[in-house]
Amino acid sequence: MTTNGTSAQASGRAWSDLEVRDLRRDFGEVRAVDGVSFTVPAGALTGFVGGNGAGKTTTMRMVMGVLSITAGEVLWGGRPITQADRRQLGYMPEERGLYPKQPVLDQLIYLGRLRGMSTAQARTSVLSHLERLGLADRSRDHVEKLSLGNQQRVQIVAALMGRPRGLVLDEPFSGLDPEAVDSMADLLREHTSRGVPVLFSSHQLDLVERLCEQLVVLARGKVVATGTPDELRSTSVARHRLVLSGDAGWVRDLTGVHTVDVDGSTALLELLDPGAERALLTEALRRGEVHEFSAQRPSLAQIYREVTA
Amino acid sequence: MTTTQPSPTTPSGSSSSPDASGWGPGPLDSSDAAGVEAGASEAPAWLIVATREVVVRVTNRAFIVSTLLTIALIAGFGAFSLWQGSRTTTYTVAVTNPEGSGLVTQAAAAAHQDDQKVTIDARQVPDEAAARALVESGDAVVWLHDAAGGWTLTSAGEVPIALTSALEGAVRADALATNAAAVGTSVEALEKGTAVTVVRFDGSPIEAGFVKGATFAFALLFLMAAMMFGQQIAASVVEEKQSRLVEIIATAIPLRQLLAGKVGGNSVIALGQVVLFAAVGLIAVSFSEWSSLLPALSVAVVWFVLYFVVGFFALACLFAVAGALASRVEDLQSTTAPLTTALMLVYFASFGLSGTGAVIASYVPIASVVSMPARILAGEAAWWEPVVSLGFMAAFAAVTVLVGEKVYRRSLLQTRGRLTWREALRTPE
């Protein structure tokens, strides 16, 4: 996988890729993450997909240094990542939490200052982010008075404020309404257009498909697929839809064709042999009329099911 | 605001000061974060943490209320002492004859000389029935009347000792004078050489009761502060742990700085509160009948505050560890249990021990916070003793901070339920 350096070059400065190499984590006897390797290229939005317990959160926690690594390494710009590097990454942990009894603005400024911003800088950045996410009028409220969705937005500000050099976000879209999802997506795109590498995990495959330039699919602690959505599609066996005038049940007996589903006169097929297409159509025309024969673009969900099966 | 432009290369590793590393490489086109650049933080991380701890605590309503209540309680004690001190007591004695009236006048003079706030009045009534009625109604405390071979005090209930002894003294003096005159001598001649003066070797004018009271106050003050602030530190640690906020903080600053800030911030508030209480307490004492003991008490209080600072520092660190061992607020009760038990032991030991036990306790760290100032107040400690004992405590605090910091770091990012102290020490970092 190569670095997507377009935006980095455009701004005239080099940005760092975030890279994970042979990462492993054992919890006692259980191997939660097993030799995971992938790159989050600078300036690209990388989706991290996988079922519950696949090891996404464990991997992200190791990347951020809050969980010790059993084996393998995390690289930043090609060399082992340091605590000073991590200080410049925006991070959103899996479980959300803030100080419930402190006003939104105060605690975000506090978190900004811990990352080395001055009070004035932190305030400016926090206020502009709150504005973007529609929370400007709640900045004096205690966090516990906000709805869960709004707390989630505050958490987003905590990760994005300042100018992080990279973003590691665990389920940043969960709990957001469609409007907030769009604001969040815009924000993330702004960061990638600056040249920042962004890694985010999500269960919402349609969202990942819509947003991501790059995908990493994890299953049972291992990377099972990686690449752009189109690359992943090309690895998948193409499916075809066939609509006939009569019953389509006979396609099941055809060699070189795998029948996924038959519903009356409609069949969903996978063509396994190169010559299967011709044989199929010849037989179909011999039996009657063909109303439709079309290639189906596989959805990410379908690919996901295939690669994690 | 100065805008530094970090070199076009990637950040140069851990050797570069994190404060100097900018936020992104220079101004960019995006509209967010309006030109926030190159934030050189103006304060070290631990100070930022400590400041937050102080601000959050001091603006907490429960904290303000409990502080004001305690001050009111101490001030109330002072006001009560003041009122008690200025209150005059008047005893009314019913008499049925002029001789009785004369005796009461003598007794009043003697009692007043003894204690200026005591006055004794005679109330002349015509007969026994009137006298009894007066006593029964409570308008007079006693009825003084002559009986065969002496005088009798008739009362409805217990007679105050001050009144009895004053009247006894007057009757005795009167009888002595009469008897002396009868044998041709005087009372002065009879009493010659009977004066007794008490001289004490230790010269200590402090009563044991006062020392006990002050010790109790020290113990209570320390226990209260340690428990309250200790639990608060533990709660604030687990709050961050439970909410995973600590993961965000851990990526921004070293955990050591977080611990230092928490312990430092809370120690400052605890110390401030104790100094406030001690000052109000000393003012209260200055209004009480023990005001003459103020200089001695002040010395003990200064030592107490000194011990408190060092002792609290160690305890704060331990409570932070207890917070890190828990994974939810509900776990705190069990992870802080060893500490609260130890504190209760110190509390009871501080006024339960005497003699050698008290001397030993005054050298044992934490227990010495209360025991040594108590011995200083009682005038039992040589000048070097508190110095040595404070040294022990400082050493204990240093070890606690070192070990505590290790356990804190190892357990803070563990999310698998509650840890024991032993597990935390075994956990690899």
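The notes take the helix, then the domains.

I kept in mind that this is a predicted model, where local features need pLDDT of at least 70, side-chain atom pairs count only at pLDDT 80 or more, and totals for chains, interfaces and linings use all residues. Residues are numbered from 1 along each chain as its sequence is written, with chains lettered from A and ligands numbered from 1 in the order in which they are written.

**Helix α6 of chain A**

I checked the length of α6(A), residues 148-160. Helices are DSSP runs of H or I, at least four residues, numbered from the N terminus. The expected span is 1.5 Å times one less than the number of residues. For 13 residues that gives 18 Å, and the end C-alpha atoms are 18 Å apart, so the two agree.

I then looked at burial (20 or more other C-beta atoms within 10 Å of a residue's own, C-beta atoms being placed from the backbone). In α6(A), 11 of 13 residues are buried, including A:Arg153, A:Ile156 and A:Leu160.

What do they pack against? After the helix comes A:Gly162, with a positive phi near 75°.

**Domains of chain A**

I noted domain 1 (6-233) and domain 2 (236-308), with bounds from an automatic or database domain assignment. Their C-alpha centres are 41 Å apart. I found 12 residues of domain 1 in contact with 8 of domain 2, contact meaning backbone-placed C-beta atoms within 7 Å.

Conventions
Helices (H or I, at least four residues) and strands (E, at least two) are DSSP runs, numbered from the N terminus. A residue is buried if 20 or more other C-beta atoms lie within 10 Å of its own, exposed if 12 or fewer, and partly exposed in between; C-beta atoms are placed from the backbone. Two residues are in contact if their C-beta atoms, placed from the backbone, lie within 7 Å.
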